[in-house]
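Reader: I would like to go through the charged side-chain pairs of this protein with you, beginning with the term itself and then turning to individual pairs.

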Amino acid sequence: MSADFDDLLAANREFADHFELSGFDGVAHAGVAIVTCMDSRIDPLRMLGLKPGDAKIFRNPGGRVTEAALEALVLGVHLLKVDRILVIPHTRCAMTANTEEQLQDKIGELTGQDVSWHAFHVVEDQVGSLKRDVHKVKSHPLIPENISVGGFIYDVDSGLISQVV
Ligand SMILES: [Zn+2]
């Protein structure tokens with residue numbers, strides 16, 4: 001095994017020394033599920049005043065409602081006490097700043113390979129995509145009507161979240 005992860009595992013041992021979530025049931029204690037971007041500027045729990053245990057969090061590039069996100073949300077709603085769903089893409093997202101072709105070119109240059117076969121699902125119209133994503137959740141046959149679903153944009157420069165839909 002390499003030493004590549006040593007610093008992280010050392011930090012984990014310290015974390016485990018003060019571990020407080022032992023025996024935790026794994027439901028979303030605040031009833032919240034969040035779909036957001038993988039961007040490291042986003043701290044999904046803290047930005048909403050939540051703490052570990054409060055929310056189910058699903059992340060991907062762009063914070064899109066993909067098939068996998070819908071799987072997570074259906075499970076969250078029916079098995080994990082989720083009754084509020086927030087879809088939260090953000091400002092200055094790399095998935096909105098590039099075209100599909102630009103991303104393929106960048107990765108192609110870095111790898112020296114033809115990347116045209118690989119889709120990255122860039123977002124051309126962030127607000128329009130967000131509206132469609134929220135509609136996908138609301139209209140899903142396995143998401144009941146009493147579940148609140150909102151679409152928001154997180155501003156990575158101010159920390160503020162504004163509701164779009
Ligand atoms: Zn992003």
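Author: A salt bridge is a side-chain nitrogen of Lys or Arg within 4 Å of a carboxyl oxygen of Asp or Glu. The model discussed here is predicted.

Reader: How many salt bridges does the structure hold?

Author: Side chains of opposite charge can pair when their charged atoms come close. Counted in this predicted model, the salt bridges number six.

Reader: Which side chain meets Asp 157 in a salt bridge, and where does that partner lie?

Author: The salt bridge of Asp 157 has an N to O distance of 2.6 Å, and its partner is Arg 92. Asp 157 sits in the loop between β4 (148-154) and β5 (161-163), 65 residues apart from Arg 92, so the pair links distant parts of the chain. Exposed means over 50% relative accessible area, so Asp 157 at 55% counts as exposed, as does Arg 92 at 54%. The partner, Arg 92, lies in the loop between β3 (84-88) and α3 (94-97).

Reader: Is Asp 133 buried or exposed, and which residues are linked with Asp 133 in a network of salt bridges?

Author: Asp 133 has a relative accessible area of 2%, and is therefore buried. Asp 133 forms a salt bridge with Arg 64, with the closest N and O atoms 2.9 Å apart. Because Asp 133 lies in helix α5 (residues 126-138) and Arg 64 in the loop between β2 (55-60) and α2 (67-79), the pair ties together parts that are 69 residues apart in sequence. The residues linked with Asp 133 in the network are Arg 64 and Lys 136.

How values were computed
Residues numbered from 1 in each chain as written. Predicted model: local features only at pLDDT ≥ 70, side-chain atom pairs only at ≥ 80, totals over all residues. Heavy atoms only, no water. Helix = DSSP H or I, 4+ residues; strand = E, 2+ residues; numbered from the N terminus. Buried < 20%, exposed > 50% of the residue type's maximum accessible area, 1.4 Å probe, protein only.
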